[in-house]
Amino acid sequence: MTSRNEQLMELRTQHVPAGVALLSPAFIAQAQGAIMTDVDGRELIDFAGGIGVNNVGHCHPKVVAAIQEQAAKFIHTCFHVAPYQGYIDLAARLNELAPGDFPKQTMLANSGAEAVENAVKIARYATKRPAVISMENGFHGRTLMTMALTSKVKPYKLGFGPFAPETYRIPSAYCYRCPYGSSYPACGCACAEKLEDFFTGFVAAEQTAAVIVEPIQGEGGFITPPPEYFEKLQKICHKHGILLIIDEIQTGMGRTGKLFAIDHWGITPDLITTAKSLGGGMPLSAVTGRAEIMNAPHPGGLGGTYGGNPLSCAAALAVLKIFLEDGLLEKSVQLGEKLQGRFSAMQQNYEMIGEVRGKGPMLALELVRDRQTKEPAGAEAKKLVKLCYDKGLVILNCGALGNVVRFLMPLVITDEQLERGLGILEESLQEVSCGK
Ligand SMILES: Cc1ncc(COP(=O)(O)O)c(C=O)c1O
């Protein structure tokens, strides 16, 4: 007899195009905290968080209550047609909390890609320049502009071109596989300074509106630049009047132990994009930045029918309260320390773990076949994800070669759930290492 999951999968194949990504075959009936239950009643420990969306956990009671309360008042008016206070309250909160002791403004949209699209529009308008530089291994979304800014070709770009013009890419600070063959710290973090050379060979600085970069490259493999990287990059940007856009869509909202990951590097970006965990599961994104830049475009140039939907704003205000008033940021720091300890111990035991990297609980394991040659273990990472799933743990891989396993579990995960999940991970690592 086929299971309910199998029945739904058949219907999915029939009614939904194959292009819509499928990472795990379980159809979810309900979810709470860090546990999802599928339609056949099987419990899954969630180490993926809906790709970094569920930092406050599935169905956090305060988020659910905020959505319900708002839904009973009104669901949609369109902020352009008939504005409402939730949008203003959230914008004010993000302006206050985002790094930088200067006047800021925020606009709201629906998805991460939409926030990046808007950040690029605003940067171009404010600087009156066309070019945007992104990073190798960067990921910014699946719309036309964000595909152009994204690095990984398969599956994100293949066959979907031509891409948006005036987009360029420079190597990122991938120290484990330095694109310049150097090693940190002996290199002096010279890769950040290569941006200066780029203006000679690829695009003029005076034609460049913005550099867009993730603090930790999420989809790209949790690539984490050295401490001095962003200050150097920003110095060059500012020298040439180029705006620095920090894409915090995956790293933001407490994922790294700080509300904004860029605070680990101590710089103040010109524009910041947030989404994912900001809405606690509701579709929501934001562009926050220096008021004079944000305010540049003419009235009507920015927006959209659903941007900053009332339910999403109510959910996000609850999310921020949970971080700041219920101690979730502190919990995130503790979870990070615990995970770092456990993963470092695993690295001692499993040759396959070439590097453990990230910040706070935003950590990943880069798997290699040989620690000397660093040959990427992509097939093994895929097998690990499958083995974990079979044992009831959802994890995700990432990286250009798919050989990085990343962890984005809800920060509210209990110790018992975490231990169970880590137990499954270790057992599966053992099996993959032994070639079972
Ligand atoms: C850093 C980053 N930027 C942008 C996006 C795109 O967000 P969305 O899928 O909501 O469009 C993502 C999604 O994974 C992301 O990780």
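**Group meeting: sheets, hairpins and a ligand site**

Hi everyone, let's start with a sheet: four strands make an open one, in the order β11-β12-β15-β14, and the pairing is antiparallel. Its edge strands are β11, residues 353-359, and β14, residues 396-398, and each of these pairs on one side only. Going from one strand to the next, the twist averages 30 degrees. Before I go on, please keep in mind that this is a predicted model.

Let me zoom in on β11. Its partner is β12, residues 362-367; the two run antiparallel and six bridges join them. Then look at lysine 359, whose bridge partner in β12 is methionine 362. What happens to the phi of glycine 360 in this hairpin? Two residues lie between the strands, and glycine 360 takes a positive phi near 55 degrees.

There is another hairpin to look at, formed by β1 and β2. Here β1 covers residues 28-32 and β2 covers residues 35-38, and they pair in the antiparallel sense over four bridges. Isoleucine 28 faces aspartate 38 in β2 as its opposite residue. Again there are two residues between the strands, and glycine 33 in the turn has a positive phi of about 60 degrees.

Now for the seven-stranded sheet. This one is open too, with the order β4-β10-β9-β8-β7-β5-β6 and mixed pairing. Why is one side of β4 and of β6 left without a neighbour in the sheet? β4 (104-109) and β6 (167-170) stand at the edges with a single partner strand each, so one side of each has no neighbour there. The twist in this sheet averages 20 degrees from one strand to the next. As for β4, it pairs with β10, residues 285-290, in the antiparallel sense over six bridges. Within that pair, leucine 108 stands opposite alanine 286 of β10. As a quick reminder, strands of a sheet pair through backbone hydrogen bonds, in either a parallel or an antiparallel way.

Which pocket holds it? The ligand sits in the largest pocket. The residues around it include Ser111, Gly112, Ala113, Phe139, His140 and Gly141, and also Glu214, Asp247, Ile249, Gln250 and Lys276. A polar backbone atom of glycine 112 is 2.8 Å from an oxygen atom of the ligand. At phenylalanine 139, a polar backbone atom is 3.4 Å from a ligand nitrogen atom. Lysine 276 uses its side chain: a polar atom there lies 2.9 Å from an oxygen atom of the ligand. On its own the ligand has 390 Å² of accessible area, and the protein covers 82% of that.

Finally, some backbone details to check if you plan to work with these coordinates. Lysine 154 and proline 155 are joined by a cis peptide bond, with omega about 10 degrees. Proline 155 is in the loop between α6 (144-149) and β6. The bond from tyrosine 184 to proline 185 is cis as well, with omega near 5 degrees, and proline 185 lies in the loop between β6 and α7 (194-201). You'll find cysteine 59 in the loop between α2 (49-52) and α3 (61-73).

Key:
Residues are numbered from 1 along each chain as its sequence is written. This is a predicted model: local features need pLDDT of at least 70, side-chain atom pairs count only at pLDDT 80 or more; totals for chains, interfaces and linings use all residues. Side-chain values use heavy atoms; hydrogens and water are left out. Two strands pair if DSSP finds at least two bridges between them. Axes are lines fitted to C-alpha atoms, for helices over the stretch in contact, and angles run from 0 to 180 degrees between N-to-C directions. A residue is near a molecule or strand if one of its heavy atoms lies within 4 Å of it. A polar contact is a pair of N or O atoms within 3.5 Å; within protein, one must be able to donate a hydrogen and the other to accept it, and residues adjacent in sequence count only if both atoms are side-chain atoms. Accessible areas come from the Shrake-Rupley method with a 1.4 Å probe; for residues, only the protein chains shown count as cover. On a 1 Å grid over the protein atoms alone, a cavity is a set of points where a 1.4 Å probe fits but cannot get out, and a pocket is an open set with protein on both sides within 12 Å along at least five of seven lines; lining residues have an atom within 4 Å of a point. A molecule sits in a cavity or pocket if more than half of its atoms lie within 2 Å of its grid points.
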